[in-house]
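Morning, everyone. Please bring the structure up on the screen, and I'll talk you through it.

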Amino acid sequence: MVAACLGLSLAGGTARRVMPAAAAVLVPLGLSLLVLHGLFFPEGRTVLAEWGPSRVTAEGLEFAGQRILQLAAVVMALLLFSFSVDVPDLVAALSARGVQGRFAFVLASTLTLLPAIAARAQRIRQAQESRGLVVTRSLVSRAGAFRLQAVPLVLSLIEDAGTRAAALEARGLSSTGPLTSYREVPDSSLQRTARAVLVLLAVAAVVLRLVQAGSGG
Amino acid sequence: MVTGGPQNGAGNTGNDSNAPVPVLAAGIRQFTFHDAHAPALREVAVSFPPGSFTAILGASGSGKSTVGRLLAGWLPPGAHGALSGFLELSGTRLEFDGGPGDPRINPAEWGRHVGFVPQDPATVLSTVRATVAEELAFGLENAGMERAAMVAAVEHTAALLGLRSKLDQDPAHLSGGQLRRLAIGCAMIVGPPVLVMDEPFASLDAAGAAELAALVRDLQDRGTAVVILSQTIDPLLREAGTWVVLSEGTVTASGAPAGLESSPGALPASIRHPVPMHAAARALPQAAGTEPGRPALQLRNVSFGYPEAPARGRRKRKSAQAGEPKHPALVLRDIELAVNPGEIVAVTGRNGAGKSTLLRHFNGLLRPTSGSVAVGGTDIAGAPVGRTAASVGLLFQQPRDQLFERTVLREVSFGLDRLVGPATARNRAAAALRAVGLADAAHDHPAELPASAQRLLALATVLARKPAVLALDEPTVALDGDGLDLLDAAVRSAAAEGAAVVLVTHDLGYARSAAHRSVALDGGRLVPA
């Protein structure tokens with residue numbers, strides 16, 4: 001599963017952004033899992049090493065390894081999605097399938113929110129720098145600059161939201177009638193087949209686990 | 001357009017029986033914002049028949065934008081303020097008395113009949129559309145128009161507004177003038193019977209103004225009622241059927257343009273007349289430091305291209321296949337510019353020519369791809385923007401991008417005490433506010449000032465620092481006549497004190513009248529204007 005995600009992200013050209021993000025999430029989590037289960041797994045029988053109350057057991061390590069792999073699969077799949085999804089395409093596809101405009105907008109603006117806030121923060125920082133705020137590369141200087149930007153950022157976002165709401169309403173965002181989409185989302189038969197196969201595989205995997213568990217218990 | 005609420009009879013009091021029935025009309029006895037003590041509007045009566053062209057003229061702060069937003073349904077009575085009077089759309093009259101029983105306006109339904117272009121065009125962007133074409137189509141999508149018709153409408157509108165070459169661009173990367181065109185397109189594309197535009201000429205270059213004029217005539221021919229709110233008497237407005245003059249929230253005069261222009265005192269002095277293109281240069285005092293010396297600002301061989309935005313997925317691969325060059329297109333090419341202390345230089349150019357990009361190099365907000373920028377003889381490469389800012393004051397194109405504090409006084413004082421110490425900072429801040437006529441507004445919130453005052457406040461923040469280089473991006477936009485005089489005086493006195501001033505503007509007349517010399521930015525190169 002992890003390998004498949006890696007392969008896909010390499011093919012999609014997003015590996016350079018997916019990998020660091022995945023590492024940032026997985027490395028600390030993985031280490032803590034290793035320490036916790038590797039050293040203090042109560043059901044561990046095969047002792048590999050022992051320091052006082054803590055023992056490294058083979059079962060503990062195996063359990064930790066499993067958990068890390070499961071987590072890695074989930075994290076990689078989510079990151080791959082968020083880094084490779086094309087927001088306008090997603091919104092267009094949703095509205096083509098009859099999802100309400102308002103809902104599609106909320107979804108899209110959630111995904112575009114961070115870049116939008118970052119752009120606004122950058123504008124405020126540029127204004128402040130142009131008036132003599134010195135921001136160097138040091139962490140302290142950056143933290144200080146952020147403190148100065150936080151209040152104007154929040155205020156300007158709130159103010160902006162008010163005007164934009166009026167504009168969006170006037171342009172019929174909350175219209176309840178049928179919607180159409182300017183953007184055409186290409187959907188090849190290969191994509192459709194791949195989706196169907198993936199859904200079948202996912203169902204099969206769940207059924208398999210259930211059967212295993214049933215026969216095991 | 002009404003959801004519930006009592007409706008009084010749709011009488012047509014106030015209209016002659018043989019006059020065409022207005023598609024939109026308003027009789028505002030009084031409109032007061034909820035947090036204000038005095039009414040923002042009093043006794044404003046307007047009506048717009050189909051195919052009419054009306055100009056509502058007034059200085060900044062006269063209540064134009066409030067009238068416009070009320071007419072367009074962007075300021076629904078009840079939500080933000082209390083209206084007593086009526087609004088009438090397509091023969092349906094809504095009576096308001098400021099009480100809880102007032103009818104409610106459905107903004108979406110109202111917006112289908114009345115298109116509105118706000119003063120700040122950036123606020124119409126939906127922010128979730130990736131290209132100009134999709135942004136234009138947003139309103140059509142919500143109306144459920146067939147895709148083929150939608151594509152045709154987008155093409156047609158883009159052609160009318162000169163946006164054809166920009167259809168595949170990200171709206172966030174448009175220049176100020178291009179954004180204005182897009183906002184107009186978004187409002188008119190759904191074909192509303194009434195189109196209200198607030199200061200549409202601001203930041204439009206000559207080509208844009210000509211396109212807008214053609215557009216207005218075309219809309220009128222098709223029976224659209226066009227309403228333009230303006231503080232400048234642009235030549236197009238002389239074609240209007242009616243002028244309504246607003247001053248301090250009330251109508252002081254109305255009638256045919258010719259009559260109003262010829263009768264003395266009908267128009268407030270603070271309404272701007274555009275400087276004619278061929279205006280002779282006004283006698284400016286000769287620049288103080290023109291003798292050969294060290295220029296205050298020197299650009300040597302500066303070229304610049306924006307790094308390519310990380311295109312995603314499909315489109316990126318497609319463009320790679322199309323064999324597009326890897327290097328981004330250069331916005332600036334081999335720019336050579338030297339400005340002496342005391343000299344005022346105007347940089348002109350079309351919308352999107354790269355004027356703002358050029359200014360942002362002066363203090364290092366943008367760094368040249370090649371070439372060098374020197375301020376006071378020192379290369380600024382590697383110096384933090386904040387340090388260069390001690391000698392370079394930059395006035396942004398959008399005052400909203402520049403203002404971030406809670407009060408006017410705090411805004412002007414920001415960073416000043418670090419520069420000159422608290423005591424001098426207080427004096428300088430007060431002096432700068434006096435110079436732009438905002439001394440009385442020191443404790444107001446910057447966002448609540450009218451557009452012209454916001455602009456002047458942004459100017460004050462720059463002046464208070466007494467920079468050696470003053471860089472002004474479209475300083476005339478959004479200024480009314482009084483504001484323009486204050487700007488002129490401030491720029492001259494700064495130059496007289498030895499500051500090098502660079503102002504970029506699309507307004508050739510203003511450039512010629514205000515500067516010692518002009519250069520034009522064309523195709524990324526500086527050429528003599």
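Some ground rules. This is a predicted model: local features need pLDDT of at least 70, side-chain atom pairs count only at pLDDT 80 or more, and totals for chains, interfaces and linings use all residues. Residues are numbered from 1 along each chain as its sequence is written, while chains are lettered from A and ligands numbered from 1 in the order in which they are written.

Chain A. It has 7 helices and 2 strands. Those are DSSP runs numbered from the N terminus, helices being H or I with at least four residues and strands E with at least two. The order from the N terminus is α-α-β-β-α-α-α-α-α. Of the 217 residues in chain A, 23% are buried. Buried is 20 or more other C-beta atoms within 10 Å of the residue's own, exposed is 12 or fewer, partly exposed is in between, and C-beta atoms are placed from the backbone.

Now the contact between the chains. How many residues does chain A bring? Chain A gives 46 residues and chain B gives 51. Two residues touch if their C-beta atoms, placed from the backbone, lie within 7 Å. On the chain A side, helices H4 (87-96), H5 (101-129) and H6 (139-170) each supply at least two residues. H5(A) has the largest share, 11 residues.

Over to chain B. Start with helix H1, residues 64-72. All of it is buried, 9 of the 9 residues, so H1(B) is largely enclosed by the rest of the structure. After H1(B) comes B:Gly73, with a positive phi near 80°.

Next, the sheets. Strands pair if DSSP finds at least two bridges between them. One open sheet has 4 strands, E12-E11-E14-E15 in chain B, with antiparallel pairing. Strands E12 (332-339) and E15 (378-379) of chain B are at the edges with a single partner strand each, so one side of each has no neighbour in the sheet. E14(B) and E15(B) are joined by 2 bridges. B:Val375 has B:Thr378 as its bridge partner.

The other open sheet has 6 strands, ordered E16-E17-E18-E13-E19-E20 in chain B, and the pairing is mixed. Its edge strands are E16 (392-395) and E20 (525-528) of chain B. Inside it, E13(B) and E19(B) pair in the parallel sense over 4 bridges. There, B:Thr348 is bridged to B:Ala520.

That's the tour.
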